[in-house]
Amino acid sequence: QVQLVESGGGLVQPGGSLRLSCAASGFAFRDYVMSWYRQAPGKERELVATITSAGGSPIYQDSVKGRFSISRDNAKNTVNLQMNSLKPEDTAVYYCNAGRIRYGVTFQFWGQGTQVTVSS
């Protein structure tokens with residue numbers, strides 16, 4: 001059974017930090033690109049950061065560059081998102097995503113999401 005379980009969300013003041021974690025099981029984690037998405041109320045889900053299967057070449061949405069950092073541990077089947085200098089506009093539900101394309105078929109899994117609220 002595939003599972004992606006996010007943790008680490010919560011309420012934080014502007015300028016603060018949070019570290020999100022995603023624990024994966026039930027699939028070949030090391031073969032998948034891992035990403036964090038977020039969805040704010042009334043908005044489309046958007047890509048925040050992504051990292052290759054080997055842990056290199058992270059890509060970030062422009063609005064989080066220099067503030068967020070994605071990392072993964074293939075030995076522990078986890079992916080993390082370190083979020084610093086948080087802003088109210090970072091408030092959203094954050095989702096962990098695993099994806100790969102094999103033989104022309106896209107395989108994609110989602111976590112249930114964790115709420116991040118940035119407010120004073």
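Modeller: Let me begin with accessibility: a residue is called buried under 20% relative accessible area, exposed over 50%, and partly exposed in between, with a 1.4 Å probe and protein chains only. The model is a predicted one, in which local features need pLDDT of at least 70 and side-chain atom pairs count only at pLDDT 80 or more, while totals for chains, interfaces and linings use all residues. Residues are numbered from 1 along each chain as its sequence is written, and side-chain values use heavy atoms, with hydrogens and water left out.

Biologist: Is Trp110 buried, partly exposed or exposed?

Modeller: The relative accessibility of Trp110 is 34%. Since buried means under 20% and exposed over 50%, the class for Trp110 is partly exposed.

Biologist: How is the pair of Tyr95 and Trp110 classed, stacked or edge-to-face?

Modeller: Rings of Phe, Tyr and Trp (its six-membered ring) pair if their centres lie within 6.5 Å, and planes under 30 degrees apart count as stacked, over 60 as edge-to-face and the rest as tilted. The structure holds six aromatic pairs; in one of them, Phe27 and Tyr32 are 4.9 Å apart centre to centre, with 75° between the planes, which is edge-to-face. For Tyr95 and Trp110 the centres are 6.4 Å apart and the planes stand at 85°, so this pair is edge-to-face.

Biologist: How many residues apart in sequence are the parts that the pair of Tyr95 and Trp110 ties together?

Modeller: Strands (E, at least two residues) are DSSP runs numbered from the N terminus, as are helices (H or I, at least four). Tyr95 belongs to strand β9 (residues 92–102) and Trp110 to strand β10 (residues 105–110), so the distance in sequence between the parts tied together is 15 residues.

Biologist: Which residue has its charged end over the ring of Trp110?

Modeller: A charge sits over a ring if NZ of Lys or CZ of Arg is within 6 Å of the ring centre and within 35 degrees of the ring normal. Over the ring of Trp110, 4.6 Å from its centre, sits the charged end of Arg45.

Biologist: How many bridges join β9 to β10?

Modeller: Two strands pair if DSSP finds at least two bridges between them. β9 and β10 form a hairpin with two residues between them, and Tyr103 in the turn has a positive phi of about 55°. Within β10, Val105 is the bridge partner of Arg102. The two strands run antiparallel, and the number of bridges that join them is six.

Biologist: Which residue of β11 stands opposite Tyr94?

Modeller: β9 pairs in the antiparallel sense with strand β4 (residues 33–39) over seven bridges, and there Arg38 stands opposite Tyr94. β9 also runs antiparallel to strand β11 (residues 114–118), to which three bridges join it. In β11, the residue opposite Tyr94 is Thr114.

Biologist: Why is β9 described as largely enclosed by the rest of the structure?

Modeller: One of its residues, Tyr95, is buried, with a relative accessible area of 13%. The description holds because the number of buried residues in β9, out of eleven, is eight.

Biologist: What separates the C-alpha atoms of Leu47 and Tyr95?

Modeller: Leu47 is in strand β5 (residues 46–51), which pairs with β4 in the antiparallel sense over five bridges. Leu47 is partly exposed, at a relative accessible area of 35%, and its contacts (heavy atoms within 4.5 Å), not counting residues up to four places away in sequence, are Ser35, Trp36, Tyr37 and Gln61. Leu47 and Tyr95 are 48 residues apart along the chain, and their C-alpha atoms are separated by 9.4 Å.

Biologist: How many residues has the largest nonpolar core?

Modeller: A nonpolar core is a set of buried Ala, Val, Leu, Ile, Met, Phe, Trp, Tyr and Cys residues joined through side-chain atoms within 4.5 Å. Those with the most contacts inside the largest one are Met34, Trp36, Val79, Leu81, Met83 and Tyr94. The strands that each supply at least two residues of this core include β4, β5, β9 and β11. The number of residues in this largest core is 29.
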